[in-house]
Amino acid sequence: MVRISFILLATTSAALWLNVMNLRAQSPAKQHPASAPQTSTKSTDIIESASRVQLPPADYEFPHGQNYILSGEWRLFNAGTATLHFENTGAENHIVMTADATGAVALLYHVHDRMESVIDAKTFCSQSIKKHTEEGFRRVDTSLAIDYRRKKAIFDEKNLKNNSTRHVENDVRECVTDVISGIFYAGTVPAQPGGQFSFPLNDGGKTVDVLAHVEAKEEIKVPAGTYKTIRIQPEVLSGPLKGKGKVWVWYSDDPSHIPVQMRAKMFWGNLTFKLQRIEQPAK
């Protein structure tokens with residue numbers, strides 16, 4: 001099976017900002033409107049009929065050259081750090097994320113992961129994602145390329161411990177997000193508390209649909225400062241981890257849509273990541 005992670009977090013068991021959900025699944029330039037807030041329609045109906053990736057808002061500001069530094073806490077322990085670096089090359093946006101377990105957690109479970117997601121700057125459609133994974137004794141390199149002309153997601157994996165390889169191709173829709181871009185995309189969709197929207201996500205296997213519940217507007221304080229935010233709770237309605245935990249993301253309520261706080265509630269406890277600081281590009 002191909003792992004699909006929704007939130008970019010480093011944890012004791014899956015150690016990546018997005019690996020908290022550890023969602024697993026089996027095996028361009030036109031606008032795709034976001035779904036309107038729903039009240040009486042079933043979630044499964046919304047997923048099937050309205051899952052889209054829409055164009056970024058006109059005022060969206062991709063954080064070119066910036067670094068976001070986040071730290072994680074699990075049961076009062078410092079669980080890990082995540083760093084995100086952003087670059088724009090004109091037609092493409094690049095997001096590079098590294099995640100490392102720290103402190104007592106690192107003594108129990110080694111984690112050092114790196115991901116690089118490439119996104120179409122105009123449409124927010126994922127182009128590719130590469131991962132280097134060190135989790136426990138696991139050492140794996142993976143790559144995913146989205147070929148929209150052929151409508152295929154091309155996944156390659158190499159186990160660095162035994163040199164085994166795997167190649168898989170799956171059908172893909174006209175526009176999908178990946179496990180990194182999906183986090184940032186969800187924060188850009190115009191929506192009000194009480195609304196919800198759905199969008200497709202692919203991690204090399206079958207595309208899954210994510211239903212995002214827009215719960216509330218809140219002012220929260222994190223080490224990087226005090227922010228007015230919109231709290232969103234993403235939900236995957238199929239797969240083996242359906243109903244096994246919940247994730248929330250607090251996005252800054254401004255054109256940057258910064259994920260300033262993330263929380264995962266799992267059977268083993270809560271994991272919270274907070275924005276520590278933003279490093280501006282060197283002048």
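Here is a short chat about reading a few features of this predicted model.

Visitor: Where do I start, and what is the mean pLDDT of the protein?

Guide: Think of pLDDT as the predictor's confidence in each residue. Here the mean is 81, and 79% of the residues reach 70 or more.

Visitor: Which elements have the lowest and the highest mean pLDDT?

Guide: Strand E1 (residues 2–4) has the lowest, at 32, while strand E9 (residues 152–159) has the highest, at 97.

Visitor: How many disulfides does the structure hold?

Guide: For a disulfide, you look for a pair of cysteine sulfur atoms within 2.5 Å. This structure holds 1. It joins Cys125 to Cys175, with the sulfurs 2.1 Å apart. The torsion about their S-S bond is about -115°, so this disulfide is left-handed.

Visitor: Which parts does the pair tie together?

Guide: Cys125 sits in the loop between strands E6 (111–120) and E7 (126–135), and Cys175 in the loop between strand E10 (165–171) and helix H3 (181–188), so the tied parts are 50 residues apart in sequence.

Visitor: Is Cys125 buried or exposed?

Guide: Buried means under 20% relative accessible area. Cys125 has 1% relative accessibility, so it counts as buried. Cys175, at 4%, counts as buried as well.

Visitor: Where does Thr102 lie?

Guide: Find the loop between strand E5 (92–101) and helix H2 (103–108). From there, the side chain of Thr102 reaches the backbone nitrogen of Gly80 at 3.4 Å. Leaving aside neighbours within four places in sequence, Thr102 is in contact with Asn78, Ala79, Gly80 and Thr81.

Terms used: Residues are numbered from 1 along each chain as its sequence is written. This is a predicted model: local features need pLDDT of at least 70, side-chain atom pairs count only at pLDDT 80 or more; totals for chains, interfaces and linings use all residues. Side-chain values use heavy atoms; hydrogens and water are left out. pLDDT is the predictor's confidence in each residue, from 0 to 100. Helices (H or I, at least four residues) and strands (E, at least two) are DSSP runs, numbered from the N terminus. A polar contact is a pair of N or O atoms within 3.5 Å; within protein, one must be able to donate a hydrogen and the other to accept it, and residues adjacent in sequence count only if both atoms are side-chain atoms. Contact means heavy atoms within 4.5 Å. Buried means under 20% relative accessible area, exposed over 50%, partly exposed in between (1.4 Å probe, protein chains only).
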